[in-house]
Amino acid sequence: MRIGAHALRNGLLVAPMAGITDRPFRRLARRFGAALAVSEMVSARPELRESRKTRLRLDHAGEPGPVSVQIAGADPQMLADAARLNVAGGAQIIDINMGCPAKKVCNVQAGSALLENEALVVRILEAVVAAVDVPVTLKIRTGPAPERRNALRIARIAEAAGIQALAIHGRTRACAFSGSAEYATIAEVKSYLRIPVIANGDVQTPEDAKRVLELTGADGVMIGRAAQGKPWFFREVAHFLATGERLAPPPAREIGEVLVEHLDGLYDLYGGEHGARVARKHIGWTVRALPGGEALRSSVNTLHAADAQRAAVNDYFERLAA
């Protein structure tokens, strides 16, 4: 699959997830086989550009290319300016968020709220594409509500505006994350578009990835929650798609090594105390199905020092491996 001048090694993409797909997570996902890892969403509002949260979200040090940054907003000029600034900061792909259903995003008419206003979608896409000389991609949902699915119209607008790839989550804004993803709309969009289409939603297993690709005819799948706590999920999906066989789960020692690498990346990015707070959820996701995992999760949630947290995780996996 190609996005502009960028040839991706496969069709496995990391879905942008606020508070999760930071630099350490993206680097691990890429190492385990993801072809592209889109950054956490960053606001186009000028007053937020210098905030610590935004600066951390835009830290791409040591990250393999192509670097994709997702921007969000509802003002065409602000989004165009944000795209230019991010390209100057190293972004090689600009992704526009029209898929987030969160109330705080939709209440300012950004994210999936934009699907209600197709005329504004045209102005935003044309402004951002004209502002930068790197590929611009778009993430959407299937429409505002099940009875008002307009993904095909939005997709045609996007292709005409010069968007280079389109990711579609198989739910509407009104659905949020409830119910099951619907793939017929994605298949319809794919049948009409020449640009790559990436299917998103409810890919929880390697078998799901194969099924979604077959149902939609999409060029790739975008994976989010299934990779929380297990970045090696991309390796498992790639192997299954290539061979039709499941990889054996990683041994405890490898899981521990990967988690410690993730923790070190978080401490480096956020600092020790803040990094330890961010790390708690990742530790919990990693060990939730492992023997004694709940006890470890409860224990690390009381630790504030990075060294103590790292030592507790190391000790747990040494005992598990033994």
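**Close-up 1. Strand E6, helix H3 (residues 76-88) and strand E7 form a right-handed β-α-β unit.** Right-handed denotes a path from the first strand over the helix to the second that runs clockwise with the strands pointing away from the viewer. Helices (H or I, at least four residues) and strands (E, at least two) are DSSP runs, numbered from the N terminus. The model is predicted: local features need pLDDT of at least 70, side-chain atom pairs count only at pLDDT 80 or more, and totals for chains, interfaces and linings use all residues. Residues are numbered from 1 along each chain as its sequence is written, and side-chain values use heavy atoms, with hydrogens and water left out.

**Close-up 2. Strand E6 (residues 68-72) is mostly covered.** Five of its five residues are buried (under 20% relative accessible area, 1.4 Å probe, protein chains only). Ser68, Gln70 and Ala72 point one way from E6, whereas Val69 and Ile71 point the other way.

**Close-up 3. Strand E6 pairs in the parallel sense with E5 (residues 42-43) and runs parallel to E7 (residues 93-98).** Pairing requires at least two DSSP bridges between two strands. Two bridges link E5 and E6, with Ser43 opposite Ala72. Four bridges join E6 to E7, and Ile71 stands opposite Ile96.

**Close-up 4. The second largest pocket is lined by 19 residues.** A pocket is an open set of points on a 1 Å grid over the protein atoms alone, with protein on both sides within 12 Å along at least five of seven lines; lining residues have an atom within 4 Å of a point. Lys230, Trp232, Glu236, Pro249 and Ala289 lie nearest the centre of this pocket. Helix H9 (233-243) and helix H11 (272-287) are the elements that give two or more residues to the lining.

Definitions and conventions:
Buried < 20%, exposed > 50% of the residue type's maximum accessible area, 1.4 Å probe, protein only. 1 Å grid on protein atoms, 1.4 Å probe; cavity = no way out; pocket = protein on both sides within 12 Å on 5 of 7 lines; lining within 4 Å.
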